[in-house]
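The entries follow the order in which I looked.

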Amino acid sequence: MSVPRSVAAHHQAVVELLTGVPANKGHLTLPLLEALGKVLAVDLYAPLSLPPFANSQMDGFAVRSADIPDGGAELRVAEPVPAGAAAPALKPGFAAPIMTGAMIPEGADAVVPIEKAIPNTFPDPAVKDAVVELPPAAPGTYIRERGSDIGKGTLALAAGTLMGPAQLGLMAALGLTTVDIRQPCRVLLVTTGDEVVEPGQDLTSGKIFDSNGTLLEASMRQAGLEVVRAGISDDRPAALLAVLRRHTGTGADRVDLIVTTGGVSKGAYEVVKQAMADQPVEFLPVAMQPGGPQGLGTFDGVPFLGFPGNPVSCLISFEMFLRPALTQVLGTPAPRPVLRARLSEPLTSPEGKHQVRRGTVESNGTVRMEGGAGSHLVHALARANSLVHVPGDVTELAEGDEVEVWML
């Protein structure tokens with residue numbers, strides 16, 4: 001009986017496997033929102049300055065600082081400057097009511113907040129010759145200078161940047177509507193098993209609906225992959241081989257990676273193991289629960305990963321091995337947030353196995369388990385917001401003990 005491989009060793013094996021996935025397949029131009037979670041292909045330089053003009057940081061009065069001595073001064077009220085409008089020049093001895101984000105008038109070099117004015121309300125624009133008493137303000141006070149965020153022609157985002165909401169927001173602020181991203185990794189996802197049927201079909205005796213396909217495709221798409229679904233392959237090795245060879249040739253259908261679910265354990269009808277008999281693919285146990293049985297190698301030169309068939313096992317396999325390896329090799333997706341939380345209940349774990357439990361991290365810094373350790377508990381998985389890690393050398397944890405959790 002083979003000695004189970006450690007989680008760390010299997011992670012490294014997956015990283016090494018993925019070095020065979022092309023990292024630069026060319027560029028793809030997408031609308032901004034479609035680029036979420038993908039990687040910027042080229043350096044991006046700002047086509048304009050941000051802000052594009054000096055503007056007010058506060059609701060208040062735009063003034064010439066030289067008009068207000070140390071003891072303050074009474075100034076005449078000029079025409080208001082609303083946001084979104086061109087500002088007329090400010091005459092000496094005047095203060096212009098100005099809104100947050102509005103353009104600073106020519107001649108003004110400071111803003112006095114409205115709450116520091118006497119009276120501390122804006123006068124009715126219809127009132128002629130209104131005056132306001134203001135304290136002194138140093139030049140530049142409450143002014144956002146042109147280009148203070150980024151100057152025109154400056155590097156805004158470097159090639160290889162992961163496109164999240166903040167990065168896409170910056171591009172929108174720069175007036176851009178599309179972005180060049182790296183062509184994503186293309187993965188073939190195949191669910192196997194005579195017992196599984198597509199959701200929506202008749203559920204006859206002994207059959208179950210396929211949740212793995214949806215579970216993994218959603219995870220992969222969230223991670224920035226292009227997913228090719230081949231449906232469900234039954235337990236005939238020849239049928240599975242036909243599916244795989246259809247997507248590993250030299251044509252446009254060729255994929256960069258193959259992921260299967262099911263058929264990798266020690267049963268009598270492990271179709272994936274049978275289909276890979278002539279391929280450089282290793283099937284081995286990993287010291288992890290759930291998700292112990294794993295397959296790894298290449299099929300006709302294409303990197304291949306075989307995940308277990310139970311839904312929680314296949315998701316844990318993705319989160320523990322494929323997702324972090326993609327981050328390490330291709331730069332996307334972003335790593336899962338990792339934190340420490342206190343257990344809300346005692347926990348036991350099998351000796352020698354890295355256990356990954358589903359949990360919910362509460363606002364008080366504790367984490368409670370969602371369901372047991374079973375690899376079929378999809379409802380518990382759906383309730384969880386984190387993965388709770390118990391190292392292989394730990395068998396018992398008490399309430400209040402700290403554990404590492406990955407936020408989902």
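Entry 1, helix α3. Which exposed residues does the face of α3 turned away from its buried side carry? I noted first that the model is a predicted one, and then I found T214, R221 and Q222 as the exposed residues on that face. Turning to the buried side of α3, which spans residues 212-222, I listed N212, G213, L216, E217, S219 and M220 as buried.

I then asked what covers the buried residues of α3. The cover includes the strands β12, β15 (226-233), β16 (257-261) and β20 (302-307), together with the helix α6 (311-330). Past the end of α3 I came to G224, which follows the helix and has a positive phi, near 90°.

I read off a volume of about 360 Å³ for the largest pocket. Its lining is made up of 22 residues, and I wrote down T192, E195, G262, G309 and N310 as the closest to the pocket centre. The elements that give two or more residues to this lining are β12 (186-192) and β14 (208-209), and I noted that β12 is also among the elements that cover the buried residues of α3. Sorted by class, the lining of the largest pocket holds 11 polar, 7 nonpolar and 4 charged residues.

I checked which strands contribute, and β17 (281-285) and β18 (288-289) each supply at least two residues of the lining, while the largest share, 3 residues, comes from β17. By class I recorded 9 nonpolar, 4 polar and 3 charged residues in the lining of the second largest pocket.

How many cavities of 30 Å³ or more does the count come to? I found 1 cavity at that cut-off, and about 170 Å³ of space lies in the largest cavity. Among the 15 residues that line the largest cavity, I noted Q183, P184, C185, L330 and T332 as those nearest its centre. The class tally for this lining is 9 nonpolar, 4 polar and 2 charged residues.

Key
Residues numbered from 1 in each chain as written. Predicted model: local features only at pLDDT ≥ 70, side-chain atom pairs only at ≥ 80, totals over all residues. Heavy atoms only, no water. 1 Å grid on protein atoms, 1.4 Å probe; cavity = no way out; pocket = protein on both sides within 12 Å on 5 of 7 lines; lining within 4 Å. Points joined across faces, edges and corners; volume = space filled by probe spheres on them. Helix = DSSP H or I, 4+ residues; strand = E, 2+ residues; numbered from the N terminus. Nonpolar A, V, L, I, M, F, W, Y, C, P; charged D, E, K, R; others polar. Buried < 20%, exposed > 50% of the residue type's maximum accessible area, 1.4 Å probe, protein only. Contact = heavy atoms within 4.5 Å.
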